[in-house]
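Take a first look at the fold shown here. We will start at a pocket and then turn to a pair of helices.

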Amino acid sequence: MISIVRATHERLDDLIPLVDGYRRFYRQPSDPDGARRFMEARFDKGDAYVLLALDDDRQAVGFAQLFPVPSTTSLASRWILNDLFVMPDARRQGAGSALLEAARELARTRGVPQLMLRTQVENATAKARYHALGWQRDEAFDTYLMAV
């Protein structure tokens, strides 16, 4: 059975392989030291909520990271579920769904009215899971990026 806990500095060693695996999934080079520095900064600044999925042996098999963002249109904060990753050998065992549900519950208890996420266009597996859990694709807005 999958359990979800908030990640803290104490679980950093469990989190780093997941963050590095996530980056490699998105075709970035492995950089555990960079992942450690980035996640340490998140904990030090307190600017993100990080959830860990633990298996029956209490081993970390997945993570989700949420960032609060003010929304002028809703006059409230919305949270961006920026990162979601489950180790390949732990997939299809409920960790991803458990992380998504835990993110929703955390947002609800904090009074956050809306969660947002993005995924790659070709990630059909993730899209199917999001849809099954009640997420709705935004038909009104496109995303644009600019390198600076």
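Which residues lie nearest the centre of the second largest pocket? This is a predicted model, and in it Val19, Tyr22, Arg23, Phe38 and Asp83 take that place. They are part of a lining of 13 residues. The pocket's volume is about 200 Å³.

Now look at where the lining comes from. Two helices, H1 (12-25) and H2 (32-45), each give two or more residues to the second largest pocket. So do two strands, E3 (60-71) and E4 (76-86). H2 gives the most, with 4 residues. By class, the lining of this pocket holds 7 nonpolar residues, 4 polar ones and 2 charged ones.

Next, follow the two helices themselves. How many Å apart are the axes of H1 and H2? The axes are 9 Å apart, and the helices pack at an angle of about 120 degrees. Angles of 65 to 115 degrees count as roughly perpendicular, and those over 145 as roughly antiparallel. H1 and H2 are therefore oblique to each other. Their crossing is right-handed.

Which residues meet where these helices touch? From H1 come Leu12, Asp13, Leu15, Ile16, Val19 and Asp20. From H2 come Pro32, Ala35, Arg36, Met39, Glu40 and Phe43. This contact has 8 nonpolar residues, 4 charged residues and no polar ones. Val19 ties the two parts of the tour together: it is among the residues nearest the centre of the second largest pocket, and it also belongs to the H1 side of the contact with H2.

How values were computed:
Residues are numbered from 1 along each chain as its sequence is written. This is a predicted model: local features need pLDDT of at least 70, side-chain atom pairs count only at pLDDT 80 or more; totals for chains, interfaces and linings use all residues. Side-chain values use heavy atoms; hydrogens and water are left out. On a 1 Å grid over the protein atoms alone, a cavity is a set of points where a 1.4 Å probe fits but cannot get out, and a pocket is an open set with protein on both sides within 12 Å along at least five of seven lines; lining residues have an atom within 4 Å of a point. Grid points are joined across faces, edges and corners, and a volume is the space filled by probe spheres set on the points. Ala, Val, Leu, Ile, Met, Phe, Trp, Tyr, Cys and Pro count as nonpolar, Asp, Glu, Lys and Arg as charged, and the others, Gly among them, as polar. Axes are lines fitted to C-alpha atoms, for helices over the stretch in contact, and angles run from 0 to 180 degrees between N-to-C directions. Angles under 35 degrees count as roughly parallel, over 145 as roughly antiparallel, 65 to 115 as roughly perpendicular and the rest as oblique. A crossing is left-handed if the near helix is turned anticlockwise from the far one by less than a right angle, and right-handed if clockwise. Contact means heavy atoms within 4.5 Å.
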